[in-house]
Amino acid sequence: MSYLTMGLLDGLLGNASETDTHAIQLEMSQLLATGEEVRKSYVIIRDLLVFTTKRLLFIDKQGVTGKKREYLSIPYRSIERYSTETTGHFDLDAELKIWVRGMAEPISKTFRGDKAIYDVSRALSEYAL
């Protein structure tokens, strides 16, 4: 079962959901370095955030079918800082920003609700600090 199928309902609702790391490991085997392992992964709408033993991967599905993909690989040592903005009474979106060395603007991802953004923020703390 692909990560798209597992997170489909949450994706339609705009939520992020944690996925099966073993399935992601198999799907990404041709992109991972020897000995690199997937530790955590989250589907955000159609995109995917993957925490491995060596780096953070953003997989951006593009086009109507999502067959075309962009893979952004960020070594943990390149993450300078990150911020987490939680939801409010009228603003139901939470936001994660990650500043990467050499990039002028932060990478920004929007989440619906707070639970998933706390999980992703905790994973960032575990792997990037």
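Which side chains meet in a salt bridge with the nitrogen and oxygen 3.2 Å apart? They are those of arginine 122 and aspartate 119, a salt bridge being a side-chain nitrogen of Lys or Arg within 4 Å of a carboxyl oxygen of Asp or Glu.

The model is predicted: local features need pLDDT of at least 70, side-chain atom pairs count only at pLDDT 80 or more, and totals for chains, interfaces and linings use all residues. Residues are numbered from 1 along each chain as its sequence is written, and side-chain values use heavy atoms, with hydrogens and water left out.

Select helix α4, residues 115–128; helices (H or I, at least four residues) and strands (E, at least two) are DSSP runs numbered from the N terminus. Arginine 122 and aspartate 119 are three residues apart here, about one helical turn. Aspartate 119 is buried at 17% relative accessibility, whereas arginine 122 is partly exposed at 47% (buried is under 20% relative accessible area, exposed over 50%, partly exposed in between, with a 1.4 Å probe and protein chains only).

Next, select lysine 109 and aspartate 47, a salt bridge with its closest N and O atoms 3.4 Å apart. Lysine 109 lies in strand β8 and aspartate 47 in strand β3, so the pair ties together parts 62 residues apart in sequence. Both residues are buried.

Proceed to strands β7 and β8, which pair in the antiparallel sense over six bridges (pairing requires at least two bridges found by DSSP). Alanine 94 stands opposite phenylalanine 111 in β8. In the hairpin of these strands, glycine 102 takes a positive phi near 90 degrees.

Finally, select strand β6, residues 79–85, which runs antiparallel to β7. Arginine 81 stands opposite tryptophan 99 in β7.
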